[in-house]
Amino acid sequence: MAIWRLYLLPLLLLVLLRAFTSLPTQAAARGGADPSSGIDDGKHGSFSRNLLQDKPEITEEMTRGYMSNSELEVAVKDFGRRCANVSRVYSIGKSVNGSPLWVVEISDKPGQREAEPAFKFIGNVHGDEPVGREVLMQLAYWLCDNYLKDPLATLIVENTHLHILPTLNPDGFALRRRGNANNIDLNRDFPDQFFPINDDINYRQPETRAIMSWIKQEHFTASATLHGGALVANYPWDGSRDKRKQYYGCPDDKAFRYMASVYSQSHYNMSLSKEFRGGITNGALWYPIYGGMQDWNYIHGGCFELTLEISDVKWPKASELLVIWKQNKMSMLNLVASLVKTGVHGRIFAADTGRPIPGSLMVKGIDSKISASRTFGDYHRILAPGESYEVVASMEGFTPKRTRIMLEREAMNLDFILDPDGTNAQTKPLPNDCGCDDGIKPFLIREAYLWLYLLVLFFLLALYLLFRRRISSRLARNPPKRPVAI
């Protein structure tokens with residue numbers, strides 16, 4: 001709003017100021033600790049666990065107390081009915097043997113598109129690592145029960161879209177083995193960046209195809225898969241170009257180390273690990289794998305995924321599940337909440353139309369980019385706090401714009417208005433309300449309503465002054481008679 005307009009109505013300056021202060025503004029989420037990365041770029045030592053074998057044999061006694069696939073399906077649908085106000089239940093596909101891959105979405109507006117970050121949890125990727133399916137249902141119920149009661153639960157429900165897939169491998173769970181019904185390790189079935197494996201879609205497993213389609217349908221900001229057999233937060237890359245066991249960081253290595261540390265340091269004892277400094281590790285340094293889900297998510301979905309080993313035992317006794325849930329509860333909550341509490345968030349608009357556009361966001365010095373959503377043009381960029389970054393927004397047919405920011409521990413809101421090629425306007429901050437649907441137009445509408453409000457007040461003030469003037473004129477012509485003292 002131009003300043004010179006204020007002088008048109010000097011008598012209403014106070015009203016104007018109060019009107020401005022009553023307009024809604026965007027509030028950045030605050031809080032959260034700043035855990036150190038804790039990574040040791042050297043060797044971890046002689047730690048080696050064979051997570052790749054189906055040993056020891058899983059007995060009937062070991063499975064007692066775990067939900068069967070049919071019981072899990074009943075639990076998911078029951079959750080959908082009980083918590084219908086903050087959830088929806090849907091399937092992303094079926095397993096080899098036809099079991100639905102049920103997902104629970106938790107949000108104050110489930111099923112609706114919003115300018116908010118989305119996070120997904122996936123459990124039971126390996127059939128013989130069932131802890132995740134139990135813990136994730138505990139997480140879902142806790143969020144439902146504590147929404148509007150607990151600040152962290154409320155923050156997550158109202159500011160993110162959390163998608164929970166309790167089991168990716170129901171067939172492997174039923175068969176009590178690592179692989180699916182075709183005995184394929186699903187965490188080796190994705191296309192790989194270093195080697196041409198799994199490129200033939202005809203040989204790709206239905207569970208893998210379901211995840212790949214899911215990524216195209218939902219605009220996920222971050223993700224985590226839950227495993228068992230160790231206690232560590234693992235981050236990309238999972239493999240190296242020469243197949244050697246070595247530290248092989250991805251372009252967003254600092255951001256991933258920060259995410260992993262958020263989980264580890266919120267955990268009961270993960271950060272105290274003697275095998276992994278700070279309870280986190282680079283995947284290729286631990287043991288290289290190829291065809292993993294984690295790297296594929298980052299490369300092809302712009303989704304920052306961690307692989308979380310949350311139990312030293314692959315298939316612990318059911319009596320230990322509640323303890324494992326309590327040990328991982330704050331880690332899971334803080335990891336999801338970090339999407340709101342940290343990073344850079346904003347929207348990208350076209351200057352000529354004022355409409356949001358699905359541009360791209362890059363950070364100078366980091367060879368990766370994320371895309372804004374098509375619906376709202378919103379982006380949510382995970383970055384390690386405490387550093388300065390040069391952020392660049394671009395889209396084909398528009399002039400790129402850049403700005404330098406200092407990212408502290410709190411989240412930062414940063415919008416971009418891109419000019420069509422050939423124009424010369426400057427980047428300028430926009431009032432931003434992620435709940436609005438039509439770009440910068442709501443701001444213009446608020447301004448129009450404000451001026452209409454001022455004109456009505458001005459009209460009423462004029463009527464009041466005219467009324468006072470007439471009363472004064474009448475009193476002047478007919479002054480009241482004063483009483484005479486006798």
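Analyst: Valine 391 stands opposite threonine 403, a residue of S14. This is a predicted model, with local features needing pLDDT of at least 70 and side-chain atom pairs pLDDT 80 or more, while totals for chains, interfaces and linings use all residues. Residues are numbered from 1 along each chain as its sequence is written, and side-chain values use heavy atoms, without hydrogens and water.

User: How are labels such as S14 read, and which strand is joined to S14 by seven bridges?

Analyst: The labels come from DSSP runs numbered from the N terminus: helices (H or I) have at least four residues, strands (E) at least two. Two strands pair if DSSP finds at least two bridges between them. Strand S13, residues 387–394, is joined to S14 by seven bridges, and the two run antiparallel.

User: In what order do the strands of that open sheet stand?

Analyst: The order is S11-S10-S13-S14, four strands with antiparallel pairing. S11 and S14 (401–407) are at the edges and have a single partner strand each, so one side of each has no neighbour in the sheet.

User: How many strands form the open sheet with mixed pairing?

Analyst: That sheet has eight strands, in the order S1-S2-S4-S3-S5-S8-S6-S7. Its edge strands are S1 (87–94) and S7 (280–282), and each of these pairs on one side only. Within the sheet, S3 (residues 118–123) and S4 pair in the parallel sense over five bridges.

User: What does helix H11 lie across?

Analyst: Helix H11, residues 321–341, lies across S3, S4, S5 (222–227) and S8.

User: How many residues line the largest cavity?

Analyst: The largest cavity is lined by 15 residues, with Asn187, Tyr287, Ile289, Thr307 and Glu309 nearest its centre. Helix H9 (283–286) and strand S8 (304–311) each give at least two residues to this lining.

User: The last topic is the backbone. Which residues does the cis peptide bond join?

Analyst: The bond joins proline 236 and tryptophan 237, and omega is about -5°. To find tryptophan 237, follow the loop between strand S6 (230–235) and helix H8 (253–266).

User: What is the phi of lysine 243, and what is that of arginine 176?

Analyst: Lysine 243 is not a glycine, yet its phi is positive, about 70°. Lysine 243 is placed in the loop between S6 and H8. Arginine 176, also not a glycine, has a positive phi of about 60°. The loop holding arginine 176 runs between helix H6 (170–175) and H7.

How values were computed: 1 Å grid on protein atoms, 1.4 Å probe; cavity = no way out; pocket = protein on both sides within 12 Å on 5 of 7 lines; lining within 4 Å. Contact = heavy atoms within 4.5 Å. Axes fitted to C-alpha atoms, helices over the stretch in contact; angles between N-to-C directions.
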